[in-house]
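Please keep the sequence and the coordinates at hand while reading.

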Amino acid sequence: MWKRYGKRYSNMALITCRDASFAYEGNTVVEGLNFTVESGDYLCIIGENGSGKSTIIKGLLRLKTPQTGSIVAGDGLKPSEIGYLPQQTVVQKDFPASAYEVVLSGRLGARGILPFYSRADKAIAEENIRRLDIVDLRNKCYRELSGGQQQRVLLARALCATKKLLLLDEPVAGLDPLVTQELYRLIEDINRQMGITIIMVSHDVRTAVKYASHILHLKNTQAFFGRTEDYVSSGVGISFLNCGCADGRHAE
């Protein structure tokens with residue numbers, strides 16, 4: 001169940017997950033979830049393959065309903081105000097549109113029933129194109145861009161949808177190390193300079209603990225939730241970082 005409260009609860013957490021569990025085809029995928037995300041947090045969701053990381057993202061997007069428990073949105077957050085950068089499929093990578101058109105499509109949720117993009121929508125798209133340093137890609141066909149360029153375009157698109165919360169599902173998957181670090185730095189700037197809350201699924205645990213303020217570690221249940229500095233000194237954190245799992249070989 002996703003609930004949204006009014007302004008009198010504006011001081012509550014941006015996201016609160018209470019005793020939530022999720023099932024897939026009748027089988028429980030992840031259970032025992034209790035965590036909160038405050039405005040300005042940078043939360044990384046980590047865990048081995050099949051532990052339920054992407055399932056939680058679907059729950060936050062209201063694409064899956066908790067089997068038990070609830071996910072509660074606070075601070076006036078609406079589902080339509082969440083920016084989302086999903087894992088790309090082969091078909092999506094071959095999308096025949098300009099980079100500008102892809103970025104502007106991030107305003108679809110805010111447009112409502114209006115048939116055309118407004119001047120304000122276009123201004124927001126242009127602002128995020130400049131922010132992500134993709135002005136030179138503006139008129140190029142999306143499918144002709146490199147993987148790193150496509151991710152910048154999709155990140156700009158996600159920013160067009162929100163001023164509060166970005167959900168990122170494996171945003172650096174398949175990128176080379178240099179492009180990966182550039183994208184991580186962009187995400188850090190979005191969090192620190194713009195104050196946008198980040199919730200990111202990542203297989204790159206060593207880099208996650210470098211940038212994230214909080215870690216949610218899953219093992220089909222909640223193994224750890226808390227601040228990053230507490231995670232790296234915890235039993236589960238030490239075990240995971242030293243077992244070879246942290247390099248993505250068992251990533252979801």
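How many aromatic pairs does the structure hold? The structure holds three aromatic pairs, where rings of Phe, Tyr and Trp (its six-membered ring) pair if their centres lie within 6.5 Å, and planes under 30 degrees apart count as stacked, over 60 as edge-to-face and the rest as tilted.

## Basis of the model

The model is predicted, so that local features need pLDDT of at least 70 and side-chain atom pairs count only at pLDDT 80 or more, whereas totals for chains, interfaces and linings use all residues. Residues are numbered from 1 along each chain as its sequence is written, and side-chain values use heavy atoms, with hydrogens and water left out.

## Aromatic contacts

The ring centres of Phe 35 and Phe 225 are 5.9 Å apart and their planes stand at 50°, so this pair is tilted. Because Phe 35 belongs to strand β3 (residues 27-37) and Phe 225 to strand β10 (residues 222-227), the pair ties together parts that are 190 residues apart in sequence; strands (E, at least two residues) and helices (H or I, at least four) are DSSP runs, numbered from the N terminus. Phe 35 is buried at a relative accessible area of 3%, while Phe 225, at 25%, counts as partly exposed (buried means under 20% relative accessible area, exposed over 50%, partly exposed in between, with a 1.4 Å probe and protein chains only).

Tyr 184 and Tyr 211 form a stacked pair, with 5.6 Å from centre to centre and 20° between the planes. Tyr 184 lies in helix α7 (residues 177-194) and Tyr 211 in helix α8 (residues 205-211), so the contact ties together parts that are 27 residues apart in sequence. Both Tyr 184 and Tyr 211 are buried.

## A strand hairpin

Strand β2 (residues 15-24) pairs with β3 in the antiparallel sense over seven bridges, where pairing requires that DSSP finds at least two bridges between two strands. Within this pairing, Ala 20 stands opposite Leu 33 in β3. The two strands β2 and β3 form a hairpin with two residues between them, and Glu 25 in the turn has a positive phi of about 50°.

## A charge over a ring

Arg 138 lies over the face of Tyr 100, at 4.1 Å from the ring centre; the criterion is that NZ of Lys or CZ of Arg is within 6 Å of the ring centre and within 35 degrees of the ring normal.
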